[in-house]
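Visitor: I would like to be shown how the terms used for a protein structure rest on their definitions. Could we take them one by one?

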Amino acid sequence: MLTLYIQVLANGGYAMKHWELEHNDNHMRIEWNGAATFNFQMPIGGQWVDYHCFTCHNIDTEQEALEHAHEVLNEMESVQ
């Protein structure tokens, strides 16, 4: 299951986007700042905690962001 949450910043900054999903039987979240910064997060003690952060420029849409994040997840798995 994939759920998208959008947090709009009051200061006019980028809207934070979050996708919650199950990946390899683990509940996780992908956070994207609407520009170049991504965070992979897991729930610990009721809080979302970053465990992997990366940047990617030239992402224009939410779909591109999600597809790139999945590519990074798959690359991380192949290394482990």
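The conversation below sets values beside definitions.

Guide: This is a predicted model, in which local features need pLDDT of at least 70 and side-chain atom pairs count only at pLDDT 80 or more, while totals for chains, interfaces and linings use all residues. Residues are numbered from 1 along each chain as its sequence is written, and side-chain values use heavy atoms, with hydrogens and water left out.

Visitor: What makes up the pattern of the protein along the sequence?

Guide: The pattern reads β-β-β-β-β-α, with one helix and five strands; helices (H or I, at least four residues) and strands (E, at least two) are DSSP runs, numbered from the N terminus.

Visitor: Why is Gln41 called buried?

Guide: Buried means under 20% relative accessible area, with exposed over 50% and partly exposed in between (1.4 Å probe, protein chains only); Gln41 has 3% relative accessibility, and therefore counts as buried. Gln41 lies in strand 4 (residues 37-44).

Visitor: What makes the approach of Gln41 to Arg29 a polar contact?

Guide: A polar contact is a pair of N or O atoms within 3.5 Å; within protein, one must be able to donate a hydrogen and the other to accept it, and residues adjacent in sequence count only if both atoms are side-chain atoms. The side chains of Gln41 and Arg29 are joined at 2.6 Å, and the side chain of Gln41 also makes a polar contact of 2.8 Å with that of Asp50.

Visitor: How do you know that strand 4 pairs with strand 3 and with strand 5?

Guide: Two strands pair if DSSP finds at least two bridges between them. Strand 3 (residues 26-32) and strand 4 have four bridges, in the antiparallel sense, and Gln41 is the bridge partner of Arg29. Strand 4 and strand 5 (residues 47-55) have eight bridges, again antiparallel, and Ile44 stands opposite Gln47.

Visitor: Why are the buried residues of helix 1 said to line one face?

Guide: The buried residues are Ala65, Leu66, His68, Ala69, Val72, Leu73 and Met76. Seen down the axis of helix 1, they fall within an arc of 165 degrees (taken from the directions from the helix axis to the C-beta atoms), so they line one face of the helix.
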